[in-house]
Amino acid sequence: MTEHRIGTQEEWQAARDELLAKEKELTRRNDELAQQRRELPWVPVEKDYSFESDEGTKSLAELFDGRSQLLIYHFMFGPPYEAGCPVCSSIADNLDPNVVHLAARDVTMLLVSRAPLEKLRAYKERMGWGLDWVSTAGSDFNRDLGFTHTEEELRPFLEGEIPPTVQQMAEACGTDPAGYVMEGPGLSAYALADGVVYRTYVTSARGVEFAMGYYGLLDRTPKGRDEGDPRAQFWLRRHDEYQAD
């Protein structure tokens, strides 16, 4: 028998109405936060960065591809990786179908990683994605945004007990924990005006959770994310690996 609280339809409706009021307040608060993001000051990007793309070497301004807004997802795929991070891969699964809709709203969306372009191309083909993916080509682009770390910076973490999830993800990427956590996920946004590129927004860690659409759906299921179950920390796979499990 279930251990969850059981109630009547009337009890459910009363509790649902109370929750709905809180959900509406959260929606209004999210609208306010979105406005505050848009009101952040723009910072000119004065450093010259170069990226390797399918069309050759490009500047940051050229990544806009004729549009005035640019969204970059910083995908964890470092030079020693043999495959992309499974979590970032799940995010790219969610981003890929939205590229065409963003383009219709004057926004170019793409992925950036530090791995060589050849590795990115092969993995993109495996995953079946259509969105553009460029390599930082050895530039400091990810590092300057705080998405790449040195082993020295990571030493306190690496000298401690490595979490099982980190070990699992490192193995899935074909590298060791040090090589894996040198990379970090993130999202950065840019505007192009009068030939000048401005950085307008940057987020990382749980700040990119909005792009993990499955979490929003799981949050509305009876069990939710089920994070109380230790096995729940290990469930996420690349989309072509679930059947194998």
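Buried means under 20% relative accessible area, exposed means over 50%, and partly exposed lies in between. The exercises below use these words for a predicted model.

**Exercise 1. Decide whether arginine 29 and glutamate 32 are buried, partly exposed or exposed, and find what joins their side chains.**

Step 1. Arginine 29 has a relative accessible area of 37%, and because this value falls between the two cut-offs, the residue is partly exposed.

Step 2. Glutamate 32, at 42% relative accessibility, also counts as partly exposed.

Step 3. The two side chains meet in a salt bridge, with a distance of 3.1 Å from N to O.

Step 4. Both residues belong to helix 1 (residues 9-38), where they are three residues apart, which means that about one helical turn separates them.

**Exercise 2. Work out how glutamate 152 and arginine 155 are placed in helix 6, and how accessible each of them is.**

Step 1. Helix 6 covers residues 151-158, and since glutamate 152 and arginine 155 are three residues apart in this helix, they are separated by about one helical turn.

Step 2. Their side chains form a salt bridge of 3.0 Å, taken from N to O.

Step 3. Glutamate 152 reaches 54% relative accessibility and therefore counts as exposed, whereas arginine 155, at 38%, counts as partly exposed.

**Exercise 3. Find which parts of the chain are linked by the salt bridge between arginine 126 and aspartate 240.**

Step 1. The side chains of arginine 126 and aspartate 240 meet at 2.9 Å, N to O.

Step 2. This pair links distant parts of the chain, for arginine 126 lies in helix 4 and aspartate 240 in the segment after helix 9 (213-218), 114 residues apart.

Step 3. Arginine 126 is partly exposed at 39% relative accessibility, and aspartate 240 is partly exposed as well, with a relative accessible area of 36%.

Step 4. A search of the whole structure finds 18 salt bridges.

**Exercise 4. Determine which residues of helix 4 are buried, which are exposed on the other side, and what covers the buried ones.**

Step 1. Helix 4 runs over residues 117-127, and its buried residues include Leu117, Leu120, Tyr123, Lys124 and Met127.

Step 2. These residues cover an arc of only 130 degrees around the axis, and therefore they lie on the same side of helix 4.

Step 3. On the other side of the helix, Glu118 and Glu125 are exposed.

Step 4. The buried residues are covered by elements that include strand 2 (50-53), helix 2 (86-95), strand 5 and strand 6 (132-135).

Step 5. After the helix comes glycine 128, which has a positive phi, near 75 degrees.

**Exercise 5. Say which residues line the largest cavity, and which element gives the largest share of its lining.**

Step 1. The count comes to one cavity of 30 Å³ or more, and the volume of the largest cavity is about 30 Å³.

Step 2. The lining of the largest cavity is made by Asp54, Leu117, Leu120, Arg121, Lys124 and Trp133.

Step 3. Helix 4 gives the largest share of this lining, with four residues.

**Exercise 6. Describe how strand 4 pairs with strand 5 and with strand 7.**

Step 1. Strand 4 (residues 69-74) and strand 5 (residues 107-113) run parallel and are joined by six bridges; here isoleucine 72 stands opposite leucine 110.

Step 2. With strand 7 (residues 186-193), strand 4 pairs in the antiparallel sense, again over six bridges, and glutamine 69 stands opposite alanine 191 of strand 7.

Conventions
Residues are numbered from 1 along each chain as its sequence is written. This is a predicted model: local features need pLDDT of at least 70, side-chain atom pairs count only at pLDDT 80 or more; totals for chains, interfaces and linings use all residues. Side-chain values use heavy atoms; hydrogens and water are left out. Two strands pair if DSSP finds at least two bridges between them. Helices (H or I, at least four residues) and strands (E, at least two) are DSSP runs, numbered from the N terminus. Buried means under 20% relative accessible area, exposed over 50%, partly exposed in between (1.4 Å probe, protein chains only). The arc is that of the directions from the helix axis to the C-beta atoms. Contact means heavy atoms within 4.5 Å. A salt bridge is a side-chain nitrogen of Lys or Arg within 4 Å of a carboxyl oxygen of Asp or Glu. On a 1 Å grid over the protein atoms alone, a cavity is a set of points where a 1.4 Å probe fits but cannot get out, and a pocket is an open set with protein on both sides within 12 Å along at least five of seven lines; lining residues have an atom within 4 Å of a point. Grid points are joined across faces, edges and corners, and a volume is the space filled by probe spheres set on the points.
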